[in-house]
Amino acid sequence: MEFDVVAMPKLPDGKPVGTPLARTLEADLTPDNEARLREHGLTYASALELPPGQYSVRLVVRDSSGRTGSLAAPLAVVP
């Protein structure tokens, strides 16, 4: 299994801010682990360093076959 994760934080006006997060994740899965992954999904945790404020974050995931998925979500960083 291999996939890329990219997260880009943006200000309310759409301008990028901070440093984008970009990671490639790889794992050799046993058949049992692959079945568990297909049934329950995958949890991924990471962090972006941003000053306090209101943002939106666009997250894109691409697997090794080229399939992609994305989402945008609001983010509030409080002091």
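Start by selecting Val57 and Ala73: Val57 stands opposite Ala73, which is in strand 4. This is a predicted model, where local features need pLDDT of at least 70 and side-chain atom pairs count only at pLDDT 80 or more, while totals for chains, interfaces and linings use all residues. Residues are numbered from 1 along each chain as its sequence is written, and side-chain values use heavy atoms, with hydrogens and water left out.

**Stop 1: strands 3 and 4**

Show residues 53–63 and 68–77. Strands here are DSSP runs of E with at least two residues, helices are runs of H or I with at least four, and both are numbered from the N terminus. Two strands pair if DSSP finds at least two bridges between them. Strand 4 covers residues 68–77 and pairs with strand 3 in the antiparallel sense, over 10 bridges. Pick Tyr55 next: its bridge partner in strand 4 is Leu75.

**Stop 2: strand 1 and its partners**

Strand 1 and strand 3 (residues 53–63) run antiparallel and are paired over 8 bridges. Click Met8: its bridge partner in strand 3 is Arg58. Then click Pro9, whose partner in strand 3 is Val57. Val57 was also the opening stop, opposite Ala73.

**Stop 3: Asp4**

Stay in strand 1 and select Asp4. Is Asp4 buried or exposed? Asp4 is buried, at a relative accessible area of 18%. Buried means under 20% relative accessible area, exposed means over 50%, and partly exposed lies in between (1.4 Å probe, protein chains only).

Show what surrounds Asp4. Leaving out residues up to four places away in sequence, Asp4 touches Arg23, Thr24, Val60, Val61 and Arg62. A contact means heavy atoms within 4.5 Å. The side chains of Asp4 and Thr24 are joined by one of 2.6 Å. Another, of 2.7 Å, joins the side chains of Asp4 and Arg62. A polar contact is a pair of N or O atoms within 3.5 Å; within protein, one must be able to donate a hydrogen and the other to accept it, and residues adjacent in sequence count only if both atoms are side-chain atoms.

**Stop 4: the salt bridges**

How many salt bridges are there? The count comes to 3, where a salt bridge is a side-chain nitrogen of Lys or Arg within 4 Å of a carboxyl oxygen of Asp or Glu.

- Asp4 and Arg62: the closest N and O atoms are 2.7 Å apart. Asp4 is in strand 1 and Arg62 in strand 3, so the pair ties together parts 58 residues apart in sequence. Arg62 is partly exposed, with a relative accessible area of 42%.
- Arg38 and Glu34: the closest N and O atoms are 2.9 Å apart. The two are 4 residues apart in helix 1, which separates them by about one helical turn. Arg38 is exposed at 67% relative accessible area, and Glu34 is partly exposed at 33%.
- Asp63 and Arg67: the closest N and O atoms are 2.8 Å apart. Asp63 is partly exposed, with a relative accessible area of 22%. Arg67 counts as exposed, at 59%.

**Stop 5**

Show helix 1 as a whole. Of its 10 residues, the number buried is 0, so helix 1 lies largely in the open. Step past its end to Gly41, which follows the helix and has a positive phi near 80°.

Now go to Leu29, in the loop between strand 2 (21–26) and helix 1 (31–40). Leu29 is partly exposed, with a relative accessible area of 34%. Together with Leu29, they form a nonpolar surface patch with about 260 Å² of accessible area. Patches are made of residues with over 30% relative accessible area and no salt bridge; like charges are joined within 9 Å, and nonpolar side chains (Val, Leu, Ile, Met, Phe, Trp, Tyr) within 5 Å. Accessible areas come from the Shrake-Rupley method with a 1.4 Å probe, and for residues only the protein chains shown count as cover.
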